[in-house]
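Work through the exercises below with the model open. Try each task before reading its solution.

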Amino acid sequence: MHTFQPFPVSELEFNPFEAIGKDWALVSAGSKQKANTMTVSWGGVGVLWGKDVVFLFVRDSRYTKEFIDGNDFFSVTFMTSEYKDALQFCGSHSGRNCETDKATEAGLTWNYKHSIPFIDEGSLVFLCQKLSAMRITEDTFISPDIAKWYTDKDMHTMYVGEIIDVLAR
């Protein structure tokens, strides 16, 4: 296991457009008994409701959604480029179909803080308390261009989580 140190959120030098949109991240939820992770590339960070938050979008069909919905906490783990294959695996395989668990099959290791699962190989981790879950529906689209992302009707839920701890190594 790697040694992670608490890191003040106010000192982050972080480009969310690169870290989430280009490099991707892993969102994880569950318990020490059973957890799941998936690659995320839609989301951001900021301030909402007077709190430092992360917001992510997870499709209805994703197995990890069940873990996020069933727990009060989740993590977002940012990885270096050497883990691009593992990120690709976690974005293209369902934990429903893995013999052990998806993280292990991707060559990754679980770690926990405050009983929140995260990926040990990460370089930066946000531990988050779930604040809100808002399902995206077609009636919320203002721009008609959005519909092209939902031709299969596999909609997203937007999760907003308060960043309660930042870990770095």
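**Exercise 1. Classify Asp-165 as buried or exposed, then find its charged partner.**

Step 1. Asp-165 has a relative accessibility of 15%. The cut-off for buried is under 20%, so Asp-165 counts as buried. Keep in mind that this is a predicted model.

Step 2. Asp-165 forms a salt bridge with Lys-113, and the closest N and O atoms are 3.1 Å apart.

Step 3. Asp-165 sits in strand β10 (residues 156-168) and Lys-113 in strand β7 (residues 110-113). They are 52 residues apart, so the pair links distant parts of the chain. Lys-113 itself is partly exposed, at 26% relative accessible area.

**Exercise 2. Describe the salt bridge between Glu-18 and Lys-22.**

Step 1. Take the distance. The N to O separation is 3.6 Å. A salt bridge requires the nitrogen to lie within 4 Å of the carboxyl oxygen.

Step 2. Locate the pair. Both residues belong to helix α1 (residues 16-22). They are 4 residues apart, about one turn of the helix.

Step 3. Glu-18 is partly exposed, with 35% relative accessible area. Lys-22 counts as exposed at 52%, since the cut-off for exposed is over 50%.

**Exercise 3. Where do Lys-153 and Glu-138 lie, and what joins their side chains?**

Step 1. The side chains meet in a salt bridge, at 2.9 Å from N to O.

Step 2. Lys-153 and Glu-138 both lie in the loop between β9 (124-135) and β10, 15 residues apart.

Step 3. Glu-138 counts as partly exposed, at 42% relative accessibility.

Step 4. Turn to the whole protein. The count comes to 7 salt bridges. There are 16 positive and 23 negative side chains. The centres of the two sets lie 3 Å apart.

**Exercise 4. Decide whether the radius of gyration agrees with a compact globule or departs from it.**

Step 1. For 169 residues, a compact globule would have a radius of gyration near 15 Å.

Step 2. The protein has 15 Å, so the value agrees. The C-alpha atoms fill a box of roughly 45 × 40 × 30 Å along the principal axes.

Step 3. Buried residues make up 44% of the 169 residues.

Step 4. Among contacts between residues at least 6 apart in sequence, 71% join residues at least 24 apart.

**Exercise 5. How many helices and strands does the protein have, and in what order do they run?**

Step 1. Count the elements. The protein has 4 helices and 10 strands.

Step 2. Read from the N terminus: β-α-β-β-β-β-α-β-α-α-β-β-β-β.

Conventions. Residues numbered from 1 in each chain as written. Predicted model: local features only at pLDDT ≥ 70, side-chain atom pairs only at ≥ 80, totals over all residues. Heavy atoms only, no water. Helix = DSSP H or I, 4+ residues; strand = E, 2+ residues; numbered from the N terminus. Rg over C-alpha atoms; globule rule 2.2 N^0.38 Å. Buried < 20%, exposed > 50% of the residue type's maximum accessible area, 1.4 Å probe, protein only. Contact = heavy atoms within 4.5 Å. Lys, Arg positive; Asp, Glu negative; His and termini not counted. Charge placed at Lys NZ, Arg CZ, Asp CG, Glu CD.
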